[in-house]
Amino acid sequence: MKTLLLLGLGLVILSVFHSCKDAGSEVPITLPAILITSADTVVSVPSDTTSVSISGGTAPYSIVTAPSSSVAVASVTGSTLRVIGAGTGSTGVAVGDAATPQNTKTIPIIIENPISFASQIHPIFNSSYGCASCHSGGASGGLNLDGTIASSNYANLFNIDAQAGCVGKKRVLPRNPQESVFYLRVSSFTCGDRMPKGGSSITAAHLDFIRKWILQGAKNN
């Protein structure tokens, strides 16, 4: 009987010992990743400044690997990454946080020759595709693309709410063609009928002009 009591006491002590050991053991921690919320890739033009937001990880953030100085210059202020285009080409910038081990995020940077709205985008509306004739006087979806003044057509697109097809999105959202109803309508059937309705599909070259123009900030240039 005495032997059984001693054995039971030993088991209790051993159980308490293991419980204390488990309570004090290190628990693996998965740190939140750094997120670039505004863009996965920075696309810009020489001398232009592009700002994107940083979140996740552990602030403060810093530049871990700078971009090639011949292509771009980058800096971090608070949760904002700023990229200034220096010359055409491709490079990248790595942003890190203050965690240990450090989280890092590499953002590709592409600096291109600027796409001109007046000379490369606006003429597409008045070409054989029939965009201007379909959207005359704002009769179709409230979008007016007729006339020869580029600035008036620009005003009907830039940051304007779509009235038909993917309502709630912008006709042109700067730096984001995949959220721009104008680009989605001319490139696919994502937001309703593909534009121009009943006309010839816009060529790959013209679609690329539109996509790059939006990625570059959809400037009225």
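Cys-166 is partly exposed, with a relative accessible area of 25%. Here "partly exposed" sits between buried (under 20% relative accessible area) and exposed (over 50%), using a 1.4 Å probe and protein chains only. Keep in mind that this is a predicted model: local features need pLDDT of at least 70 and side-chain atom pairs count only at pLDDT 80 or more, while totals for chains, interfaces and linings use all residues. Residues are numbered from 1 along each chain as its sequence is written, and side-chain values use heavy atoms, with hydrogens and water left out.

**The disulfide**

- Cys-166 has a partner: a disulfide joins it to Cys-191, with 1.9 Å from S to S. The rule for a disulfide is a pair of cysteine sulfur atoms within 2.5 Å, and the count by this rule is 1.
- The pair ties together distant parts of the chain, 25 residues apart: Cys-166 is in the loop between helix 4 (150–155) and helix 5 (181–187), and Cys-191 is in the loop between helix 5 and helix 6 (204–215).
- The torsion about the S-S bond of Cys-166 and Cys-191 is about -85°, so this disulfide is left-handed.

**The whole chain**

- You'll find 6 helices and 8 strands in the chain. Both are DSSP runs numbered from the N terminus: helices are H or I with at least four residues, and strands are E with at least two.
- Starting at the N terminus, the order is α-β-β-β-β-β-β-β-β-α-α-α-α-α.
- Of the chain's 221 residues, 33% count as buried.
- The chain's accessible surface comes to about 11900 Å², and 58% of that belongs to carbon and sulfur atoms. Those areas come from the Shrake-Rupley method with a 1.4 Å probe; for residues, only the protein chains shown count as cover.
- Take the contacts (heavy atoms within 4.5 Å) between residues at least 6 apart in sequence: 52% of them join residues at least 24 apart.

**Around helix 4**

- Asn-153 lies in helix 4 and counts as buried, at 1% relative accessibility.
- The side chains of Asn-153 and His-122 are joined by a polar contact of 2.9 Å. That term means a pair of N or O atoms within 3.5 Å; within protein, one must be able to donate a hydrogen and the other to accept it, and residues adjacent in sequence count only if both atoms are side-chain atoms.
- The structure holds 4 aromatic pairs. One of them is Tyr-154 with Phe-158, which is stacked at 5.3 Å centre to centre and 20° between the planes.
- For the cut-offs, rings of Phe, Tyr and Trp (its six-membered ring) pair if their centres lie within 6.5 Å; planes under 30 degrees apart are stacked, over 60 edge-to-face, and the rest tilted.
- Tyr-154 is buried at 11%, whereas Phe-158 is partly exposed at 27%.

- Ile-63 is in strand 4 (residues 62–65). Its C-alpha atom is separated by 4.7 Å from that of Val-95, 32 residues apart along the chain.
- The peptide bond from Ala-59 to Pro-60 is cis, with omega near 5°; another cis bond joins Thr-100 and Pro-101, with omega about 0°.
- Ala-218 isn't a glycine, yet has a positive phi of about 50°. It lies in the segment after helix 6 and is buried, at 0%.
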